[in-house]
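Hi everyone, thanks for making time. Let me put the structure up, and then we'll walk through it together.

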Amino acid sequence: MAGDTSKQMDASTLWGGKVSPFSTSYGKLMMWFFLVSDALTFGGLLIAYGFTRHDAQDSWPIGEETFNSMPFLGHGYPLLYVALMTFILIISSVTMVLAVEAGHRMDKKGVVKWMIATIIGGFFFVGSQAWEWSHFIHGSEFGKVELADGAQAIVKGHFGEIKNFTVTEAGFHHKKGDVIKDDLMHEFQHAVVAGKIYNGTITLHDGSKAKIIKEADEHMELIVKKDGLKHKAGDKITDHKLARKLYYDAIYSGEAHTVIYGANLEENEYGPQQYGQFFFFITGFHGFHVFSGVMINIIILLGAISGKYHKRGHYEMVEKTGLYWHFVDLVWVFVFTFFYLV
Amino acid sequence: MERDDVIEYSLDTHHSEEHGKLIRKKIWKVTALLTVITAIEVLLGAYIKQSSDIWQVVKWSFIAMTLLKAGYIVLVFMHLGEEKKTLRYIILVPYFLFMLYLIFIALTEALAVGNALETYGV
């Protein structure tokens, strides 16, 4: 709340001006100035994202197609996970504002209680983001496939579980007749990228050949993201049999790099290269803000517990960190809209 | 070390027990509102495809809802609504002016770059 401007104060503490022009303390004003400059940074990043997206059009991934997984539940839950993250952050913003309110009543117990709640919310958010990143980096079971005509498509559907590899031709490690049950998916994806897979037979890293025992895929669907000779960006192949044929024709072609799994800074299965870069940079930069916010909140919590602010007569430090914490929530509201929804 | 803070301004933010009750009521109201808006956004995002006819309307309503949420966070949670008018405008006006200009120039350029890519190939 703003103070009374006409209040007379010692001129020397007010830089000789008798009153503070904004009726607010130096610390709070500087926090606002910092937040404005930080908001310009995030604004610039999101506008750069909008620029890149605007000139890429159809090849750009769509939020609900990319982010549709839940921990422990698997696929088929579009946007639910980020919605949960958003909710966690909003709630931790609420507990923060309650801590500030308790501070205004000099209620030390209240401040400590709500600060602890805020810190827990912050850790939950950072943890959720770690899961989100891990999921983004590892990618889906199908990956993005380059079809025979050069078109690139993302694949939807249920990937039949790989039961085992039964060795049919001995290699360096494995003997004929061995049944391999470990690390199947990893080995499978490596073989696909290296082009070492043909019609149900995989060449393992030690040179042995094995038969893939795998359940049937279901409801496969291709969404073309990059033009080829035959398929154009935006095309959808919803017929399971046709989609399956096109997908496995590409994998069995013997060529390397027909499929991209997950994401890194050079390529990703979701869309253009810049998409992955923007994802990592913007959500990473925001996550870094959340992390440092949690650390600052912990420091302030310790100060509140020790009674330092109570002795000072006001809890303005809580208010100032509160400003920063709400700002982090504010940025996420925009990231959520422009990265996941629009 | 002598603090260069003006303690009177920090003390001015104090309020009474009863006033606190009113403030808390407002906080919970805004919380409910933000949650409802987020839920609507997620439902629209999950069920309305970008290829749908009403996508343009949905897209702009996303942006409107985002700005509404941002407004509540800044004005209520960050208490900017209760600061002096001069402080409010000094924070908001330059920011919005600069952002609108940047959005305008970036989208105009993106259109030109997109056309150039379409005409001459990547």
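How many residues of chain A are in contact with chain B? The answer is 54 residues of chain A, which meet 55 residues of chain B; "in contact" means that the C-beta atoms, placed from the backbone, lie within 7 Å.

A word on the model: it is predicted, with local features needing pLDDT of at least 70, side-chain atom pairs counting only at pLDDT 80 or more, and totals for chains, interfaces and linings using all residues. Residues are numbered from 1 along each chain as its sequence is written, and chains are lettered from A and ligands numbered from 1 in the order in which they are written.

Back to that interface. Helix 1 of chain A gives the most to the side touching chain B, with 12 residues; helices here are DSSP runs of H or I, at least four residues, numbered from the N terminus. Chain A's side divides into 28 nonpolar, 19 polar and 7 charged residues. Asp, Glu, Lys and Arg count as charged, Ala, Val, Leu, Ile, Met, Phe, Trp, Tyr, Cys and Pro as nonpolar, and the others, Gly among them, as polar.

Within chain A, the domain assignment gives domain 1 (26-139 + 274-341) and domain 2 (144-268); such bounds come from an automatic or database assignment. Their centres, taken over C-alpha atoms, are 38 Å apart. Each domain of chain A puts 11 residues into the contact, and helix 7 of chain A gives the most to domain 1's side, with 4 residues.

Thanks, and happy to chat!

Key: Contact = placed C-beta atoms within 7 Å. Helix = DSSP H or I, 4+ residues; strand = E, 2+ residues; numbered from the N terminus.
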